[in-house]
Amino acid sequence: MKAKNEEYKNIPGWGMDADPENEPTYPMKNYTGDDHKRINYERSEQQPQTVEILMSKERPVITRVFGTSAPPSGLSGVIRRYAFQHSEDRYRHWVPLILADRINMFEGLIDDIKQGRLPNIIKERGLAMEWKYNRTNVIKKAVELAATGIILYALFKRKK
Amino acid sequence: MLAMNYRGPYRVRAEQRPMPEILHPEDAIVRVTRTCICGSDLHLYHGMVPDTRVGSTFGHEFTGIVEEVGPLVQKLKVGDQVLVPFNIACGKCNFCKQGLYGNCHESNPMATAVGGIFGYSHTAGGFNGGQAEYVRVPYADFGPTVIPPQMDPDDAVLLTDVVPTGYQAAEMGGIKEGDTVVVFGAGPVGIMAARCAWFFGPSRVIIIDHVDYRLEFARNYAHCEAYNFKEMADPVVFLKKATDWYGADVCIDCVGCEAEGNTLQTFSGRVALMQAGAATALQWAINSVKKGGIVSVVGVYGPPFNLVPFGNILNKGITVRANQSSVKRLLPRLIDHVMAGRLNPKGLITHRVPLEEISDAYRLFSSKLDNCIKTVLIPSAKH
Ligand SMILES: NC(=O)c1ccc[n+]([C@@H]2O[C@H](COP(=O)([O-])OP(=O)(O)OC[C@H]3O[C@@H](n4cnc5c(N)ncnc54)[C@H](O)[C@@H]3O)[C@@H](O)[C@H]2O)c1
Ligand SMILES: [Zn+2]
Ligand SMILES: [Zn+2]
């Protein structure tokens, strides 16, 4: 977009107090002034799009490279496509994505089973490490769980 | 090839997966020789980052040997031993041209709020990561850096993230000679930030955590004071008192969105997910820095927002500086520090684990078991 007032340099005092040393991003950023060219910069070739890519609403075109892992699929994919109809500013972008992630976990389980494997969840969760290095805590938790179970059971029986 | 496979929160496994391919003329395929698990990976592992898809391979800290290059790659050659910065950067966009390699505009179509990162969810570009035998590396002429022949490979792998991140955390603090610097978090990043702070000339460096073995490690490794916040009635009052009731000159947040220590933050951020994680350390940083002080943030927070005392930033005139580390920008200086023996990155490594045992390695680091500071995974691909 062009500045509304093309004559801005004629405004009394324009630029008088500008201080090039006042650059709070130094030394992380090497300010060149190129920011004012916006997105007109030299680009690499375009990576061909071989899988479905959900793109941020805040971009005009896809980036020159991108990742192609785990394209959207299934119910979680439907939710992700919905999420990407909204900008990164919106809750309705991020919250559906978290929901999709949780659903995706169950889809993953179903996929595993379809491929004839029952995932070893105890191993995937690395629980042997807790048993090896944090045993008292594991036992404490197990006892707490059992105690809660027994109390609930007793209460339930008494009600009857 | 063997690669990590994410199956849902707290569930990862190593299994045979398809080899990566060249998808862009400037790509390279790298055979991974070492790869680490980062505190950032824990945010993914705990299901905290939106759009973390089942079936993804994590891993953004890795070194390797170039196996194959795309037709437009000119500088990098097959057989080169490289360390690969965690940010994917084109080197040409206006952000890259100004040294903001963590904010490249041509590596992540899925979000404008963050640049592309290897193996870091679709919010960071949907790239498969380096916790695998092989990995696709885009913009191969720009990011990958040939490892100096005399450099220890264990030092090299830590230069992909932990060292530059810790260094930038200190750099963003604008530390002046004689300053008192407080670092929150004694994980690998916090310990490195505390160590690197000394390069800028402070008179005191204090680190805060609640895990005693990490505090002990930090005290020795980073030559700093180390205190356990669980032993303080009020960490902010403790730090005010420790700085003559003035406030620290610089506070650095190396914890990020999974902080402990404040019930309201923990509940709203980590249980109810009403904010993007718990901002406890950031809150403490803002409230214990002096008026006109600087808060530097490298601890990761995700979208959409966090609860922080913004009014105090305003009324105290605090400057907040934050970013993903710009690894490529800092590498020349840091390689120099390492080669001159001023920095000893590999001293952070406590565990070496074959890639096959990745599930155990994640648990060990996540639950802080067996005095774990930093884990290196070694893929066994012979070829
Ligand atoms: N900006 C970047 O470029 C970048 C790069 C790498 C890592 N990171 C981020 O840095 C952070 C630290 O990484 P790490 O590998 O050291 O992780 P880590 O999980 O090992 O370390 C975090 C430490 O913070 C401690 N902690 C928790 N609550 C605290 C509190 N309220 N006050 C003080 N300490 C507290 C934990 O006990 C732990 O030791 C993570 O958020 C990670 O995502 C950022
Ligand atoms: Zn990292
Ligand atoms: Zn760029």
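**Interfaces between and within chains A and B**

Biologist: How do you know what area is buried between domain 1 of chain B and domain 2 of chain B?

Modeller: In this predicted model, the two domains bury about 2,500 Å² between them, and carbon and sulfur atoms give 67% of that area. The value counts as buried because it is accessible area that the two parts lose on being put together, summed over both.

Biologist: Where do the bounds of these two domains of chain B lie?

Modeller: Domain 1 of chain B comprises residues 2-161 and 326-378, whereas domain 2 covers 163-322. Their C-alpha centres are 25 Å apart. The contact between them draws 30 residues from domain 1 and 25 residues from domain 2.

Biologist: Why is the pair B:Glu171 and B:Arg329 called a salt bridge?

Modeller: The closest N and O atoms of B:Glu171 and B:Arg329 are 2.8 Å apart. The rule asks for a side-chain nitrogen of Lys or Arg within 4 Å of a carboxyl oxygen of Asp or Glu, and therefore the pair qualifies. Between domain 1 and domain 2 of chain B the count is 1 salt bridge. The same interface also has 12 residue pairs in polar contact, with both residues at pLDDT 80 or more.

Biologist: Which elements give two or more residues to the side of domain 1 of chain B that touches domain 2 of chain B?

Modeller: They are α1 (39-45) and α11 (327-339) of chain B. The largest share of that side, 6 residues, comes from α11(B). By class, the side of domain 1 that touches domain 2 holds 14 nonpolar, 10 polar and 6 charged residues.

Biologist: What makes up the contact of chain B and chain A?

Modeller: Each chain contributes 66 residues to that contact. The two chains bury about 5,700 Å² between them, with 52% of it on carbon and sulfur atoms. On the side of chain B, B:Arg11, B:Gln98 and B:Pro109 lose the most area to chain A, together 13% of what that side buries.

Biologist: Why is the pair B:Lys97 and A:Asp34 called a salt bridge?

Modeller: For B:Lys97 and A:Asp34, the closest N and O atoms are 3.5 Å apart. This distance is within 4 Å, so the pair meets the rule. Across the interface of chain B and chain A the rule finds 9 salt bridges. There are also 43 residue pairs in polar contact between the chains, both residues being at pLDDT 80 or more.

Biologist: Which elements of chain B each supply at least two residues of the side that touches chain A?

Modeller: The elements are β1 (2-8), β2 (11-16), α2 (94-97), α4 (162-172) and α12 (358-366) of chain B. The residues of that side divide into 29 nonpolar, 20 polar and 17 charged.

Biologist: Which features does UniProt place at residues 25-141 and 188-257 of chain B?

Modeller: For residues 25-141 of chain B, UniProt lists "domain: Alcohol dehydrogenase-like N-terminal", from an unreviewed entry. In the model, that span is 9% helix and 26% strand, and its end C-alpha atoms are 11 Å apart. At residues 188-257 of chain B, UniProt places "domain: Alcohol dehydrogenase-like C-terminal", also from an unreviewed entry. There the chain is 41% helix and 23% strand, with end C-alpha atoms 16 Å apart.

Key. Residues are numbered from 1 along each chain as its sequence is written. Chains are lettered from A and ligands numbered from 1 in the order in which they are written. This is a predicted model: local features need pLDDT of at least 70, side-chain atom pairs count only at pLDDT 80 or more; totals for chains, interfaces and linings use all residues. Side-chain values use heavy atoms; hydrogens and water are left out. Contact means heavy atoms within 4.5 Å. Buried area is the accessible area (1.4 Å probe) that two parts lose on being put together, summed over both. A polar contact is a pair of N or O atoms within 3.5 Å; within protein, one must be able to donate a hydrogen and the other to accept it, and residues adjacent in sequence count only if both atoms are side-chain atoms. Helices (H or I, at least four residues) and strands (E, at least two) are DSSP runs, numbered from the N terminus. Ala, Val, Leu, Ile, Met, Phe, Trp, Tyr, Cys and Pro count as nonpolar, Asp, Glu, Lys and Arg as charged, and the others, Gly among them, as polar. UniProt positions are given in the numbering used here, feature names are shortened, and annotations may be inferred rather than shown by experiment. Domain bounds come from an automatic or database domain assignment.
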